[in-house]
Amino acid sequence: MTITAISILYWLLLFLIFYTYVGYGMLIWIYLKLRTLFSTKKEASITDHSLPSVAFIIPAFNEQHVIAEKIRNTFELQYPSELMRVIVVADGSDDDTAAIVKTFRNVVLLNGEVRKGKAAAMNRAVDNSGDVDILVFSDANTTVNRECLLKMVLLYTDSKVGGVSGEKKVRSIEGGEGEGESAYWKYESVLKRLDSRLHSVAGAAGELLSVRKSLYDPLEESLILDDFVLSFRICMKGYAVKYEPGAVATENPSLNLKEEEKRKVRISAG
């Protein structure tokens, strides 16, 4: 290979790296700015009379240290209680998760003896969700802002929207732990906002994800990346999955690099 060919290859590969991390976002941002100049689209609105019914689903395997706070956080949401059904799935838990959930009124507890994984827990919750319009999945170790449901359901006024993802944020804790993970998710959130404004995100974060119940298909129990598969299948059906930055799910960072490595291996395997 000649020096000229090597030079061309070098700059081409460098360009691809730049495009992957920066260029793609810049192009979408420029396109959206231009599109806004010619847009006449009106903002959607919604009233209490047209709010959809919601099943708020919390998979919780051995989550005794956080489940009480999670349930209290859920009951503080600005949403009519008669339109919200809270379901906690604690299948296979061998700690006090189920006992703690039982101390709360108006919570549906599913507590089978056998743990079959998160996907199976989600399926079981959906089967017990009743006649609701929207399914909302949220992890037990996250807290959400009070107006998140109102922000998310507003986007369902568009019949072409099949799912809505909230924004994941990672707390920076004492000693600076989590700052790197937090910075990554801020960058990821910017790209998801751009994708959503363009048309749809392809993969949503499971910390706070909602879908139309009519579009939910049971997930294979062997799935690892249930959130990505669920949102991507909605897209494959011809619907958009929107990203709502006003609906925020906040969680603590990985405790150390070893824990973060385990999480990344899990994601890569999925």
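Which residue in β7 is the bridge partner of I134? In this predicted model, that partner turns out to be R212. The bridge belongs to the pairing of β4 (residues 134-138) with β7 (residues 208-212), which runs antiparallel over five bridges.

Zooming out, both strands sit in an open, mixed sheet of eight strands, ordered β3-β2-β1-β4-β7-β6-β8-β5. The edges go to β3 (107-110) and β5 (143-144); each has a single partner strand, so one side of each is left without a neighbour in the sheet. Helix α7 (residues 226-236) packs on this sheet, where it touches β4, β6 (161-170), β7 and β8 (240-251). The direction of α7 makes about 35 degrees with that of β7.

The largest nonpolar core counts 30 residues, and I67, V88, L149 and L208 have the most contacts inside it. Two or more residues each come from β1 (54-59), α2 (67-75), β2 (84-89), β4, α5 (148-154), β6 and β8, with α5 giving the most, at four residues. Another core, of 25 residues, lies apart from that one and includes I57, I87, V89 and L215.

L208 is worth a look of its own. Setting aside neighbours within four places in sequence, L208 contacts a list of residues that includes V136, F137 and S138, along with V144, C148, M152, V164, A247 and V248.

The loop between β7 and α7 holds S214. This serine counts as exposed because its relative accessibility is 65%, over the 50% cut-off.

Terms used:
Residues are numbered from 1 along each chain as its sequence is written. This is a predicted model: local features need pLDDT of at least 70, side-chain atom pairs count only at pLDDT 80 or more; totals for chains, interfaces and linings use all residues. Side-chain values use heavy atoms; hydrogens and water are left out. Two strands pair if DSSP finds at least two bridges between them. Contact means heavy atoms within 4.5 Å. Axes are lines fitted to C-alpha atoms, for helices over the stretch in contact, and angles run from 0 to 180 degrees between N-to-C directions. Buried means under 20% relative accessible area, exposed over 50%, partly exposed in between (1.4 Å probe, protein chains only). A nonpolar core is a set of buried Ala, Val, Leu, Ile, Met, Phe, Trp, Tyr and Cys residues joined through side-chain atoms within 4.5 Å.
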